[in-house]
Amino acid sequence: MSETIKPGVQGRVYLTSEQAAAAARQFGCARFVYNHLLAFSQSRYVNKIKTSATQRSLELTRLKTEIPWLQEVNAQSLQQTGRALDTAYKNWFDSITGKRPDQVKPPKFKKKSKRQSARFTKGSFRFENDTLSLSKIGDIHIPWYRRVKGAPSSVVLSRTPAGRYYVSLQVEQQPLGVVGGAQNQVLSVDINTQAFHFFNGRRWSQVELPRPLLAA
């Protein structure tokens with residue numbers, strides 16, 4: 001039985017000053033929510049109380065009713081921030097209990113000086129005619145999207161510490177004769193840096209193109 005795979009493509013985009021300000025608000029709120037939910041979970045853990053994903057979701061709902069400026073950004077993206085923390089905790093617990101072979105560190109607080117990101121799911125973005133419309137941010141031109149066929153299932157907008165913006169698109173597709181664990185791998189080409197980007201379901205890794213290919 002075949003499983004749905006999510007190939008993706010990542011590339012640099014350019015935001016207007018108004019869009020950059022809106023993105024900064026989204027990033028800031030996402031960072032605040034992540035750090036608040038992490039502190040909420042840690043404070044309960046000190047008292048030997050385990051915090052479930054449902055409890056963190058309820059805390060996020062309470063938080064949004066008490067802090068007005070959290071309502072100025074996309075709500076679905078904030079929910080994705082909470083789910084990202086849920087995933088981070090699950091990966092850590094699976095690591096220390098031996099359910100996964102690699103070692104995963106516990107979740108850490110996010111810093112403004114590091115890479116910022118926000119995930120948008122269906123209903124909070126639209127893609128038509130090479131234009132990506134993100135809720136609360138606006139329309140962004142995506143000329144390199146044609147490298148992946150299909151409708152995006154989610155979008156991640158990110159900002160590097162150097163101030164560069166990137167968009168990562170994931171597309172749900174049915175595999176054709178996938179062998180082994182290949183369905184967990186994603187390959188894309190960043191046309192701006194002339195490098196291959198691999199996505200293994202957890203993070204992007206970059207491999208520079210060999211010199212003979214660069215020369216071509």
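**Notes on the fold and its cores**

1. Let's start with burial: of the 216 residues in the chain, 41% are buried. Please keep in mind that this is a predicted model.

2. Now the secondary structure. You will find four helices and ten strands in the chain. Along the sequence they come in the pattern β-α-α-α-β-β-β-β-β-β-β-β-β-α.

3. The largest nonpolar core holds 22 residues. Within this core, Val13, Leu132, Leu134, Leu157 and Val167 touch the most other members. Several elements each supply at least two of its residues: helix H1 (17-46) and the strands E1 (8-13), E2 (116-121), E3 (125-128), E4 (131-134), E6 (152-159) and E7 (165-171). Which of them gives the most? That is H1, with four residues.

4. Setting aside neighbours within four places in sequence, Val167 is in contact with Val9, Gln10, Gly11, Val13, Leu132, Ile142, Trp144, Val155, Val156 and Leu157.

5. There is also a second, separate core, made of 15 residues. Tyr34, Ile67, Val73 and Ala88 are among them. As general background, nonpolar side chains in soluble globular proteins tend to be buried together.

Methods
Residues numbered from 1 in each chain as written. Predicted model: local features only at pLDDT ≥ 70, side-chain atom pairs only at ≥ 80, totals over all residues. Heavy atoms only, no water. Buried < 20%, exposed > 50% of the residue type's maximum accessible area, 1.4 Å probe, protein only. Core = buried A, V, L, I, M, F, W, Y, C linked by side-chain atoms within 4.5 Å. Contact = heavy atoms within 4.5 Å.
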